[in-house]
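Dear colleague,

Please find below the structure that I am handing over to you. The notes that follow it set out what was found.

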Amino acid sequence: MKKRGGSRLLALMAAGALLVWFNSRGWTRPLKVLADYTVFPIGRGFVAVGSGVGNFFHTASDIHNLTSQNAKLEHEVATLRQKLSEDAELRVQNDTLRRQLGFNQSIAGRLIPAAVVAYQPDNFRQYLTLGRGSNAGIKEGMAVVTEGALVGRVSEVSAATSKVALVSDPNFRINGLDQETRASGTVHGQIGAGLVMDKIAQSDIVKTGDTVITSGLGGELPKGIIIGQVQAINVNNNDVFQTALVAPAAKLAHLELVFVVIGQ
Amino acid sequence: MRPIKPLLIVVLAALLQASFLAAWRPAGVIPNLLLVVVIFLAATRPASGALAAALMGGLLLDLASGSDFGLRMGFYSLVALGVVVVKRLGGDYDDWALLVTTVIASALVFNLAVLANLAQAHIEISWRLAGVRFGIEAVFDLMVLGLLKPWSRYLDV
């Protein structure tokens, strides 16, 4: 009896090791497809409930700030409305000049909505699983956004789901550009502490409050997607580069719906 | 029904961890619900049943994860086997001290494994922030342990 138990244990451990080896060869696809169609759709409902609970506690703890936040946001809306009408005029001028110079019209990417069905189940890596995959036209490397801000990049795709590496993942790297001063650097996530933009030349100027956008360099992601806002700058004259701390513009916690940019 | 019940329980625990708890993130961390469930299963069921359930739960979390496929399967299997060994050496998992030690030590080992993978890829790690995050997770893992302990006897039918 003991011998049978021991061989059963060995068989189970061997099965586990075999699955890992299969995955390295890409042979676990049928298993992933099975999970895509059975388990992850249920996860979507749980994500919605979890996000609701998280938002409730966040709001309850933040209630004393709501009045001042409301006033600040009303002022911001009024300023943005003014800016929108100025931008509309600028867009018309831009299009006219492009036509006159013979430039091609820039093609905006098409946005595909996708629900979040699962998150990275532990605390140091930052990924999420979307409920749409290659069947919807999603490919590896595509940008994922929400409310106009960068969420991350598609890292893995199957027929019905895709994995997205978030901007806050420590392994995520993207070339960023200061929208105001045009200083460039590499933006990457760090554990539990927002984003860092480093490799900024000492001669470049970066100010607190500046908006950081994707630069489009290397063709990884489209240019102009908002990454976040500069919170603090670390300048040391003895260093080759300066570093800035960036708060991500997208609310990466409690995400339920995001958009994948395709066709850029 | 006997072999299916632990498998259903770990499937539910893995699903809740990867969706509900990961979306909620109390205090910004995800409690390791599956770890507590695997420990209870390994403490109350035969070794092969506990290992099969740990493998299943770990596999589901690996499928939900975007990195390190196989890490969770390996980790939860080791936890199940470790609990079985301690039980055979005379450990009593009705004792709170042993339960708390197992949960904290296991969570620490797992987080160190993830951080080691990042360090190997030359990612800069703030060990102070990682320690704070682990500390908060450990507190929530112990809260989950406290919530589930009265129900653990229902795992052995």
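Helix 1 (4-24) of chain B gives four residues to the lining of the largest cavity, the largest share of that lining. Here a cavity is a set of points, on a 1 Å grid over the protein atoms alone, where a 1.4 Å probe fits but cannot get out, and lining residues have an atom within 4 Å of a point. Helices (H or I, at least four residues) and strands (E, at least two) are DSSP runs, numbered from the N terminus. This is a predicted model, in which local features need pLDDT of at least 70 and side-chain atom pairs count only at pLDDT 80 or more, while totals for chains, interfaces and linings use all residues. Residues are numbered from 1 along each chain as its sequence is written, chains are lettered from A and ligands numbered from 1 in the order in which they are written, and side-chain values use heavy atoms, with hydrogens and water left out.

The volume of the largest cavity is about 60 Å³; a volume is the space filled by probe spheres set on the grid points, which are joined across faces, edges and corners. Its lining draws on both chains: from chain A come A:V39, A:F40, A:G43, A:V117 and A:A118, and from chain B come B:A14, B:L15, B:A18, B:S19, B:L60 and B:A64. Besides helix 1 of chain B, the elements that give two or more residues are helix 3 and strand 1 (110-119) of chain A and helix 3 (47-64) of chain B. By class, nine lining residues are nonpolar, two are polar and none is charged. In this scheme Ala, Val, Leu, Ile, Met, Phe, Trp, Tyr, Cys and Pro count as nonpolar, Asp, Glu, Lys and Arg as charged, and the others, Gly among them, as polar.

The count is two cavities of 30 Å³ or more. The second largest cavity has a volume of about 30 Å³. Among the residues that line it are A:P121, A:D122, A:N123, B:Q17 and B:E137. Its lining divides into three nonpolar, three polar and two charged residues.

A:D122 also takes part in the contact between the chains: it forms a salt bridge with B:R72, the closest N and O atoms being 2.8 Å apart. A salt bridge is a side-chain nitrogen of Lys or Arg within 4 Å of a carboxyl oxygen of Asp or Glu. Contact, meaning heavy atoms within 4.5 Å, takes 43 residues from chain A and 42 residues from chain B. The size of an interface is often given as the accessible area lost when the parts come together. For chain B and chain A this buried area (accessible area, 1.4 Å probe, that two parts lose on being put together, summed over both) is about 3900 Å², with 71% of it on carbon and sulfur atoms.

How many salt bridges does the structure hold over all chains? The total is six. In one of them, the side chains of A:K32 and A:E156 meet at 3.4 Å, N to O. A:K32 lies in helix 2 (residues 29-38) of chain A and A:E156 in strand 4 (residues 149-157) of chain A, so this pair ties together parts that are 124 residues apart in sequence.

The pockets remain to be described. A pocket is an open set of points with protein on both sides within 12 Å along at least five of seven lines. The largest has a volume of about 1700 Å³ and is lined by 48 residues, with A:P248, A:A249, A:A250, A:K251 and A:L252 nearest its centre. Helix 4 (66-101) of chain A gives the most to this lining, with six residues. The lining holds 20 nonpolar, 20 polar and eight charged residues.

The second largest pocket has a volume of about 580 Å³. Of its 18 lining residues, A:Q179, A:I213, A:K223, A:G224 and A:I225 are the closest to its centre. By class, eight are nonpolar, five polar and five charged.

With kind regards
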